[in-house]
Amino acid sequence: MGLPNVSGDLSAEMDVDAFRRLFPLRFYERHLVESIRPDARPLGRARDTTLALGAVASADGSALAKIGLTTMLAAIKMEVMTPSTETPDEGSIGINIEPFSAIDFHMPPICSPLVRPGRPAEAEPVVSKQLSDTILRHVDCFSVISGMINLKELSLINGKAAWMVYLDIYCLDADGALFDAALLSAVAAFSHLQIPVVSLNDHGKVVLMSEENEGGKDPVNKEKRKLTLSSIPFSLTCILHKNYILADPTAEEESIMETLVTVVLDSSGQLVSLYKPGGPVLAYTSAIQDCVALTRQRVKELRKILDEALSGMEVY
Amino acid sequence: MEVDRIDERTPNQLRPLSCSRNILNRAHGSASWSQGDTKVLAAVYGPKAGTRKNENPEKACIEVIWKPKTGQSGKLEKEYEMILKRTLQSICILTINPNTMTSVIIQVVDDDGALLPCAINAACAALVDAGIPLKHLAVAICCGLAESGYVILDPTKLEEQVLIIFVFDFMNAVLVLSVLPNGSLQKKGGEPLEHGIITSFTQGSMSVEDYLHCLERGRAATSKMSDFLRRSLQPQLPSDSSKAG
């Protein structure tokens, strides 16, 4: 397929693929003028998103999220520990001491040709920290609605036993918008989480109960098996390029047009985070408002997808 | 609702700023920037030949190393490095010296709140001191937002922490960077060029209107900061020592 002469230097005909590799920016700009992207998406539309809950059978809660080709697997393990003396009635999410961070985001070499074994990817600590900030510090100091997770629900026996939650997220395929997919999988894993049943054994220690009721001991937390999540955060990453705003970029788009804006909104419409780490294009107020509007729409879509996945689980 | 600040500043008042250039002997450019008690030292080495493996050889490359005051570098430092790198890449003219690497090293001397904006300002001053070609300058500011929608600028560490612990009053820090062109004011789609945001970094949740409100306050304050930056970057008197070679 030939392309018309775009500059004096080019030969009169060139393959589309060759043009895409040699002049990626011009290739994209020709699409943007028509308000469309090479994968036939309009500028404001995100890629197809799917969620599979319970992907990891051995974990207490897990989810596999796919946005387009970007795939993230989140898994939650829970462990009983003694709560800290300052907060005897609260559980905790991981150990908040560096380097043992609560929420771990891994980019193994399987996800992208740019990640080499042994050297952590550049994006890894950044996305990891962003996730921790969004999920953990997302606390509204009204104690009734404290953030996404109420730490008091993680308590078992006041002052003696509480749950410690470990969340690990693995990137299986990195094709742009890593933070969006990671946050979605983390949120879905928390929604899917089934707190294991525990009981007190003879020595006064809290142990996990197996399926058969051993010696008729009563479980400590039979009724309370799922976490209530309030104000769930959802995010959308957009690229700013000249006057265009592209929602949900692929890895190719991210590498060509470097200005990313990530907006995180929660289900009540509050802005949890607006993250724009530099980039050649400046964001004016109008651009920010457009990004926030696109994110609001996306939050509705994601909310629906999450609810459908959850109701699908509860059928059996 | 007025909130009394501990150091008796008005909500829009910045802490005393100070900037010194050319303080390190061996570095090609260096600057120290302090806002109140927060002090950051920035050094620039470059341009050096050759870029890192995966970087585009047609452009210059910037590498940032962030050294905290105590302890080892962890994820927080890596995140700051990435934010700073992207910010500085957007203000430098990268096509002038292709296939080179410029290193910016940030050393935190003292942290009393608003650390990242202080570092960005220091890095910008150090780049000017090193003579790296820049498109325009960048200034950064930190805003805090209390529950009632009340905005305070340039919070100290105590304000940042205290407002998180108290239940009724809490803090969401918003970082805004505003661009300042050297002299000319161009209109772009109705908004002057100098109101563009290069980088924004927020912690904690707030409503969108509060965020935009913070932006307005931040912009007003950055014009004062940029005047200060321009003044301190004036060429020094010839009696000052120049680097040999």
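## Helices across the sheet

Helix H4 of chain A, spanning residues 178-192, lies across strands S10 and S12 of chain A. Its direction makes an angle of about 175° with S10(A). Keep in mind that this is a predicted model.

A further helix, H6 (residues 285-313) of chain A, lies across S10, S11, S12 and S13 of chain A. Helix H6 of chain A runs at about 140° to S10(A).

Let's turn to the strands themselves. Four of them make up an open sheet in chain A, ordered S11-S10-S12-S13, with antiparallel pairing. Strand S11 (244-247) and strand S13 (271-275) of chain A sit at the edges, each pairing on one side only. From one strand to the next, the twist averages 20°.

In chain A, strand S10 (residues 233-241) and strand S12 (residues 260-266) are joined by seven bridges in the antiparallel sense.

## The annotated domain

The unreviewed UniProt entry places the feature "domain: Exoribonuclease phosphorolytic" at residues 46-196 and 232-281 of chain A. Over residues 232-281 of chain A, 50% of the chain is strand and 12% is helix. The end C-alpha atoms of that stretch are 30 Å apart.

## Chain A as a whole

Chain A has six helices and 13 strands. Of its 316 residues, 49% count as buried. Among contacts in chain A with a separation of 6 or more, 65% come from residues 24 or more positions apart.

As for the surface, chain A exposes about 15,200 Å², and carbon and sulfur atoms supply 54% of that area.

Terms used. Residues are numbered from 1 along each chain as its sequence is written. Chains are lettered from A and ligands numbered from 1 in the order in which they are written. This is a predicted model: local features need pLDDT of at least 70, side-chain atom pairs count only at pLDDT 80 or more; totals for chains, interfaces and linings use all residues. Side-chain values use heavy atoms; hydrogens and water are left out. Helices (H or I, at least four residues) and strands (E, at least two) are DSSP runs, numbered from the N terminus. Buried means under 20% relative accessible area, exposed over 50%, partly exposed in between (1.4 Å probe, protein chains only). Contact means heavy atoms within 4.5 Å. Accessible areas come from the Shrake-Rupley method with a 1.4 Å probe; for residues, only the protein chains shown count as cover. UniProt positions are given in the numbering used here, feature names are shortened, and annotations may be inferred rather than shown by experiment. Two strands pair if DSSP finds at least two bridges between them. Axes are lines fitted to C-alpha atoms, for helices over the stretch in contact, and angles run from 0 to 180 degrees between N-to-C directions.
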